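Good morning, and thank you for the time.

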Amino acid sequence: MIRLRTRGRFTSSVSTKLFILTFLSVIILFLVIAFFGYQRLSEPIRQNNNKVLQGSVVQVEDFIKTLMNSLQSQLIFLSTPVLYNTMNEDDYSQLIDNIMIYHQEQIHSIYLIENDKVHISSPYGYKFFVPPERIKEIKAQTGKTGLWWSPPHPVNERSVITVAKQIDKNRVIALDLNLSALTGPRIIQDEQRRIYLYTHSGEFLSTNTYLEYPKTYQNHLEMKEALRSLTLTSVSSYNTVHTSFGNYTVLSSNQNRWDWVIFSVIEESQAFPLLDSLKHQLEFVLLIAILLAVIVSVWITNYIRKPVTAITRQFKAAARGDLEARIKLKRNDEFTHIGDGFNRMMGNIQSLFDDLREAEEKKRHHELKVLQSQIHPHFLNNTLNAIYCLGETGQTQEMAEMIRSLMGLLQYSTDKVGDIVTVGDELQQLERYVQIMNLRYGNVFEMDIAVPEIIWGTPIPKLTLITLVENSIFYGLNQDGVNHIIVTGKYESADLVILEVSDTGPGIELERLASLMEKPKTSNPSKGLNNLGLRNVQERLRMTFGFRYGLNFHVEPDEGLMVTIHLPARENGE
């Protein structure tokens with residue numbers, strides 16, 4: 001009744017209501033301040049960032065205008081008839097080479113067409129690659145307008161624009177402008193900002209996007225298609241583009257004589273860095289507000305909440321079976337009296353449980369000792385009968401060996417000195433047991449032992465290996481052919497030794513194996529040396545060394561059974 005009333009006072013107390021009210025009030029106050037503050041600051045920042053982004057478009061557009069005017073001036077200079085007539089061919093060729101070197105990033109080639117052939121070119125070999133139809137088109141277009149700008153076209157895997165100026169009826173000077181230079185790294189140094197150049201009809205001209213990586217190239221393809229649609233449909237200088245790689249802010253301009261559309265593309269997260277910084281600051285302020293609200297509210301209600309939480313936690317631990325659960329309170333009030341009563345109760349329960357567990361362990365240990373010391377009369381009868389047959393047939397040497405093996409095995413099985421022996425002792429007695437079983441059943445099985453001497457000193461409960469080998473022998477008696485039984489061992493780690501007993505018998509079904517692990521005795525108690533079964537071996541291993549150690553089974557249908565024994569890697573007696 002005291003506990004229920006205390007809980008009721010806690011859930012409906014003024015301190016709990018005050019905690020909720022204080023926490024929510026502080027959070028709401030900070031949210032309102034943050035909302036209006038963000039509204040007042042975000043708009044000027046956004047306008048300023050828009051101006052900065054638009055400046056990059058203007059920067060590219062100014063560069064293109066300057067470059068085009070410069071190239072046009074160079075072309076007009078080269079097309080002056082007086083200049084061409086007063087200079088010899090070598091000087092004119094050198095002049096073209098100098099212009100080419102000065103504008104090597106912008107100009108792909110410069111060439112002079114004379115009498116329907118390229119007479120001079122820079123680089124020199126370029127004149128052999130200009131097709132006749134291109135020469136014919138250049139002469140036809142310059143004959144109409146004098147100065148001609150061609151549409152973009154590919155040359156040697158590059159996209160170029162041909163600019164040509166007529167010198168006279170027979171001669172035309174032309175240059176191919178490299179479109180990639182119009183958006184090159186000299187224009188925009190910011191790696192996060194990408195420039196795209198299009199014609200007014202939506203034809204892609206150039207970009208500064210680095211296309212070496214597959215992901216970047218795929219993003220570039222999606223961006224090309226999205227920007228092409230903008231050139232045909234949008235009249236706004238500020239747009240947003242969505243691709244599978246994210247959202248992008250796009251600014252555009254087409255204030256140039258060629259009516260080209262210039263796009264500046266940047267990720268939305270990078271477009272407004274000041275706004276992002278403001279958001280992060282507001283998030284930080286909100287986090288501080290939450291922390292302050294929690295601290296203040298917890299401080300107000302902590303006097304009641306802390307002892308109730310401690311008592312509830314220990315009651316739950318006791319309900320789960322933790323007998324070590326204790327309530328520790330450094331107070332001097334009713335909660336302390338509740339804790340002291342709980343601690344006395346748990347102490348009494350633990351004492352009773354320890355006494356009961358000790359009695360059960362003693363009883364179980366005694367049962368295992370008695371079970372281990374029992375020798376099946378059928379085993380003795382069959383073995384003595386085999387010895388008698390040896391004597392009747394005059395095989396005295398074999399009879400003596402078998403009697404010696406039986407005496408050693410009986411002494412080992414019934415010895416009361418200790419239940420824990422070494423792996424070496426167990427292997428020695430296993431060989432005696434196998435000798436007896438071979439005499440009784442003939443060559444129905446073969447036995448190989450491959451246990452290194454380095455682990456012979458490992459402790460193991462008596463009759464463990466004998467019981468497992470006995471199980472493999474009996475389950476393989478009814479099969480055709482010889483049952484091959486192998487005992488191996490190894491160090492798995494510095495503190496773990498593994499022994500394996502495997503056979504080539506008929507195997508065992510998982511359901512049958514589970515039933516054997518539940519039964520306290522083997523399925524053929526009249527045939528074996530003793531009453532120890534798989535379940536008893538498992539319990540002896542875990543009772544002696546701990547739950548980490550014991551038996552593991554690997555079953556393959558019709559391919560035998562492998563039993564793995566996990567043992568602690570330490571010398572016997574340590």
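I begin with a term: a residue is called buried when its relative accessible area is under 20%, exposed when that area is over 50%, and partly exposed in between. T207 has a relative accessibility of 15%, so T207 counts as buried. Please bear in mind throughout that this is a predicted model.

Let us stay with T207 for a moment. This residue belongs to strand 8, which covers residues 204-207. Its side chain comes to 2.8 Å from the backbone oxygen of I195. If we set aside neighbours within four places in sequence, the contacts of T207 are T183, I195, Y196 and H220.

Next, the confidence of the prediction. Across the chain the mean pLDDT is 78, and 82% of the residues reach 70 or more. Where is confidence lowest, and where is it highest? The lowest mean, 42, belongs to helix 1, residues 2-11, while the highest, 92, belongs to strand 16. Over residues 1-12 the pLDDT is below 50, and this stretch has seven contacts in the model beyond near neighbours in sequence. A further stretch, residues 521-526, also stays under 50. For residues 521-526 the model has 14 contacts beyond four places in sequence.

I turn now to strand 1, residues 107-114. Seven of its eight residues are buried, so strand 1 is largely enclosed by the rest of the structure. Which strands does it pair with? With strand 6, residues 171-178, strand 1 pairs in the antiparallel sense over seven bridges. Within that pairing, Y111 stands opposite A174 of strand 6. Strand 2, residues 117-122, is also antiparallel to strand 1, and five bridges join the two. Here I113 is the residue opposite V118 of strand 2. Strands 1 and 2 form a hairpin with two residues between the strands, and in it N115 takes a positive phi near 55°.

My next topic is charge pairing. How many salt bridges are counted in the model? The count comes to six, and I shall describe some of them.

One is formed by the side chains of E225 and R228, at 3.1 Å from N to O. Both residues lie in helix 6, residues 214-233, where they are three residues apart, about one turn of the helix. E225 is partly exposed, at a relative accessible area of 43%, and R228 is partly exposed as well, at 33%.

Another joins E492 to K490, with 3.7 Å between the closest N and O atoms. E492 is partly exposed at 44%, and K490 is likewise partly exposed at 41%.

D495 and R548 also meet in a salt bridge, at 3.3 Å from N to O. This pair links distant parts of the chain, for the two residues are 53 residues apart. D495 sits in the loop between strand 15 (483-493) and strand 16 (496-502), and R548 in the loop between helix 15 (534-545) and strand 17 (550-555). D495 has a relative accessible area of 37% and is partly exposed.

Finally, I draw your attention to P506, in the loop between strand 16 and helix 14 (510-518). P506 is partly exposed, with a relative accessible area of 37%. Its C-alpha atom is separated by 8.7 Å from that of N478, a residue 28 residues away along the chain.

Thank you for your attention.

Notes
Residues numbered from 1 in each chain as written. Predicted model: local features only at pLDDT ≥ 70, side-chain atom pairs only at ≥ 80, totals over all residues. Heavy atoms only, no water. Salt bridge = Lys/Arg side-chain N within 4 Å of Asp/Glu carboxyl O. Helix = DSSP H or I, 4+ residues; strand = E, 2+ residues; numbered from the N terminus. Buried < 20%, exposed > 50% of the residue type's maximum accessible area, 1.4 Å probe, protein only. Polar contact = N/O pair within 3.5 Å; in protein donor to acceptor, adjacent residues only side chain to side chain. Contact = heavy atoms within 4.5 Å. pLDDT = per-residue confidence, 0-100. Pairing = 2+ DSSP bridges.
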